[in-house]
Amino acid sequence: MTKTMFLPLLLLLLSAAAASTSVSTECTVSTMDDYPVPVRREVYGDGRIFDISHRYTMDMPSWERKDGLGRFLWLPASMKNGSLANNSLMKLPTHSGTHVDAPGHMIDRYFDAGFDVDTLDLEVLNGPALLVDVPRDSNITAKVMESLKIPKGVRRVLFRTLNTDSYVGFTTDGARWLVKNTDIKLVGVDFLSVACEDHLVSAHLEFFESREIILVEGLKLDDVPTGIYNVHCLPLRLPGAEGSPIRCILIK
């Protein structure tokens, strides 16, 4: 082998060795970091990905208790007590935190027929979505819906309301206007219920009757700019359940 052939080969071998060392180093846990601290975030990818799901806590709002959700997580199997691994037990209502409603939630014949969260259309729950601000002094009435001027063809809309301060939502006529005058199939709101208190059942029934509209409730929409995103919502596969916790993200 000549000298001119040897040098390029040597450089190639050295580059391969360096790349191998670099990969190995990245995959090794530093022995100096004895107490790593996890980072909990709402925004990822330099502001491109927003987690719009609420973190579950004992004091978060709940339908069942006025003082919050309460304890929902236990650790019956703990490595500190000799178990091979840590294994948690979770118990909470299906309509806690960020969650999705199935038609059987408030229409009993749909519940009996099996229209549960396992039958919801994932194509509706994932795709282009519009995040809009609702006027802060009003429930979502037919008049408010008309004023938002949501274009035909928009299928997924997330409504940011005054729910950081008080409880507002859709009225019956607002829900009916959406069903009859828009192409919206995914309705997302930032409180535990899509409907305002005085129209709790009747507004839900307007949405559920056709079985075409999916309701996602309890979204975390504060500090997310209005606009067009790709939304991704994935409920648990729970046959027989009329609701399910759900993880939702927005991607610019």
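This report walks through the fold, the nonpolar cores and the cysteines of the protein shown above.

The model is predicted, so local features need pLDDT of at least 70 and side-chain atom pairs pLDDT 80 or more, while totals for chains, interfaces and linings use all residues. Residues are numbered from 1 along each chain as its sequence is written, and side-chain values use heavy atoms, leaving out hydrogens and water.

Let's start with the overall fold. The protein has six helices and eleven strands, taken as DSSP runs (helices H or I, at least four residues; strands E, at least two) and numbered from the N terminus. Of its 252 residues, 39% are buried, meaning under 20% relative accessible area with a 1.4 Å probe, protein chains only.

Next, the cores. A nonpolar core is a set of buried Ala, Val, Leu, Ile, Met, Phe, Trp, Tyr and Cys residues joined through side-chain atoms within 4.5 Å. The largest one has 25 residues, and F159, F170, L178, V187 and F207 have the most contacts inside it. Elements giving two or more residues to this core include α5 (172-181) and β8 (186-189). Another core, of 24 residues, lies apart from it, with A102, L158, I214 and L219 among its members.

Finally, the cysteines. The whole structure holds one disulfide, that is, a pair of cysteine sulfur atoms within 2.5 Å. The S to S distance between C233 and C248 is 2.4 Å. The torsion about their S-S bond is about 125°, so the disulfide is right-handed. The two partners sit 15 residues apart, and both are buried.

| Cysteine | Strand | Strand residues |
|---|---|---|
| C233 | β10 | residues 227-235 |
| C248 | β11 | residues 243-251 |

Terms used: Buried means under 20% relative accessible area, exposed over 50%, partly exposed in between (1.4 Å probe, protein chains only).
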